[in-house]
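Please look over the fold shown below before reading on. The briefing is meant to be read alongside the sequence and the coordinates.

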Amino acid sequence: MQIHNNTLIAECSSYDFKEMLERKKVKSWLKSVSAFANTDGGSLFYGVNDDGVIVGLENPQSDADFISEMIKARLDPVPEVQLIPIEHEGRTLLEVKVKAGTLTPYYYFQDGTRTAYTRVGNESVECNSQQLLSLVLKGTHMTWDSLPTQVDANKHSFVILANTFREQTHQEWNDKYLESFGLVTSDGKLTNAGLLFVDNCTVFQSRIFCTRWTGLYKDDAISSVEHRANLVLLLKYGMDFIKNYTMSGWVKMPNYRLNLPDYSDRAIFEGLVNHLIHRDYTVMGGEVHIDIYDDRVELVSPGAMLDGTQIQDRDIYKVPSMRRNPVIADMFTQLDYMEKRGSGLRKMRELTEKLPNFLPGKEPQYQTEAISFYTTFYNLNWGENGRIPVEEVANRVNSTLEKYPVNGESSVKKFGVNTEKFGENEESSVKKFGVNTEKFGDTLEKQKTVSKTAQKIIDLVISDPSITADNMANKIGVTKRAIEKNIKNLRTMGILTHEGSDKTGYWRINVKAKLIKNKTMY
């Protein structure tokens, strides 16, 4: 907390300014005490107006005594509170600092009515039934996904989970993992998380709604489908739908093909994982929505930020990892679908920024409302006037050779894209862009192209710049030694570079490389 020009600048993100103490309307400020205790803590400053200007209190000691008395009389349980007088230029203000509670929910009660409040943005609002249940679980140091059910585990199978574990980790599955991962209790009962991973998942709210809309708004739908399944299948179904209804172009570079996708596949994968893991499963009838428009992909799920803040007001590089469903999150980590360090929001942006056709302003955006979380990915090949011709995108990434669309037939069928306008021969490229292949030291036909394995590496790197050499080998079906050999060649040619460590860094395609005398240089 700082004071500048007689104005209070509070350092905490959760605070309320009160010009004076309302003695006859104690609910107006006690609900804030309840909300702070139920979420992430915060402070009330008395003697400060709404603009943060210090006006002072006439009798701060009397006000402090009254505040302490009302908190003890009207809140149950009594939260941990500090009353801190602050002197400034002859004026006294009072900070009521409320610590985040561990015995939630903290109720305000009067006339036989008990009400719990929570913090949403800069407001203290009454808890709904789902928020109240979450507070009860928090107060008992339990989470919804860890709660045991009365369902016998031996009546259900985990074949899909086991096969996915083998495929993702290349390790053998052991049924003992079910208990160690928190899916089954020691007495053989499924937990709520276990119910979400069984083959025949019957949890009503384990659903995703997928829609491809005709334009920029929710008007007519090209396709709409609902999936109800376990979390492993929901992730697969969601990604399949997104890949089926998004596009990708490519441009021919001097010695390799450069993909120009609408979106980062891995970034969207991270986003969908994030929504499946962190959604509020106590919301009956709630589900994850995938909405695809011409210019964006939107993911939305029930459940706002756990600490009551709004993500659009936060620096995503400083948001701490808080898991609403730690058992589900750990299971996805075991499947190598996410990292333990809780860096999903940051990683989505970084993966998008690594694409060769990325433009500033096209970063994924995040927004929270009272009970929902939104993630928006913007189409990198879409401009103010519609889809950007692939040759323009190619020019933007500093390519001057032949331009081709990928999946031209399906693109025409689904979206009405005319592939003829892109040109499919060297002559059209010269005519449109004045390309003289002789300046590169040789003709296209004589230039040495990368191997098939190297091209697959380039494609994988564009799809997922964070991919490791081991995963490349597994996806391509070659040895790690072969991968390392091809990577070395791509680095020598100046096509591929790596930033950061092997485990947490990113690959980068150097699209600005110039070919001189059959060698790629800068």
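Predicted model: local features only at pLDDT ≥ 70, side-chain atom pairs only at ≥ 80, totals over all residues.

Residues are numbered from 1 along each chain as its sequence is written, and side-chain values use heavy atoms, with hydrogens and water left out. The secondary structure of the protein comprises 16 helices and 27 strands, where helices (H or I, at least four residues) and strands (E, at least two) are DSSP runs numbered from the N terminus. Of its 522 residues, 53% count as buried, a term that means under 20% relative accessible area, with exposed over 50% and partly exposed in between (1.4 Å probe, protein chains only). Among contacts (heavy atoms within 4.5 Å) with a separation of 6 or more, 66% come from residues 24 or more positions apart.

**The four-stranded sheet**

- Four strands form an open sheet in the order β3-β4-β7-β6, and their pairing is mixed; two strands are taken to pair if DSSP finds at least two bridges between them.
- At the edges stand β3 (15-18) and β6 (81-88), each with a single partner strand, so one side of each has no neighbour in the sheet.
- Neighbouring strands of this sheet are turned by 20° against each other on average, direction ignored; axes here are lines fitted to C-alpha atoms, for helices over the stretch in contact, and angles run from 0 to 180 degrees between N-to-C directions.
- Strand β4 (residues 42-46) pairs with strand β7 (residues 91-98) in the antiparallel sense over five bridges, and within this pairing Ser43 stands opposite Lys97 of β7, while Leu94 of β7 is the bridge partner of Tyr46.
- Helix α1 (residues 27-38) packs on the sheet, where it touches β3, β4, β6 and β7, and its direction makes about 155° with that of β4.
- Helix α2 (residues 60-74) also packs on the sheet, touching β4, β6 and β7, and its direction makes about 15° with that of β7.
- Strand β7 is largely enclosed by the rest of the structure, because six of its eight residues are buried.
- Strands β6 and β7 run antiparallel and are joined by eight bridges, one of which pairs Gln82 with Lys97 of β7.
- These two strands, β6 and β7, form a hairpin with two residues between them, and Glu89 in the turn has a positive phi of about 50°.

**The six-stranded sheet**

- A further open sheet has six strands in the order β14-β13-β17-β18-β20-β19, again with mixed pairing.
- Its edge strands are β14 (221-228) and β19 (365-368), each of which pairs on one side only.
- Neighbouring strands of this sheet are turned by 15° against each other on average, direction ignored.
- Strand β13 (residues 207-213) pairs with β14 in the antiparallel sense over seven bridges, and Ile208 stands opposite His227 of β14.
- Helix α7 packs on this sheet, touching β13, β14 and β17 (288-292), and its direction makes about 0° with that of β13.

**The pair α7 and α8**

- The axes of helix α7 (residues 231-244) and helix α8 (residues 265-278) come within 10 Å and cross at roughly 140°.
- The contact involves residues of α7 including Leu231, Gly238 and Lys243, and residues of α8 including Asp265, Phe269 and Leu276.

**Helix α15**

- In helix α15 (residues 469-476), the residues Ala469, Met472, Ala473 and Ile476 are buried.
- These four lie on the same side of α15, because they cover an arc of only 100° around the axis, the arc being that of the directions from the helix axis to the C-beta atoms.
- The buried residues of α15 pack against α14 (452-463), α16 (480-492) and β25 (506-509).
- Helix α15 is followed by Gly477, whose phi is positive, near 85°.
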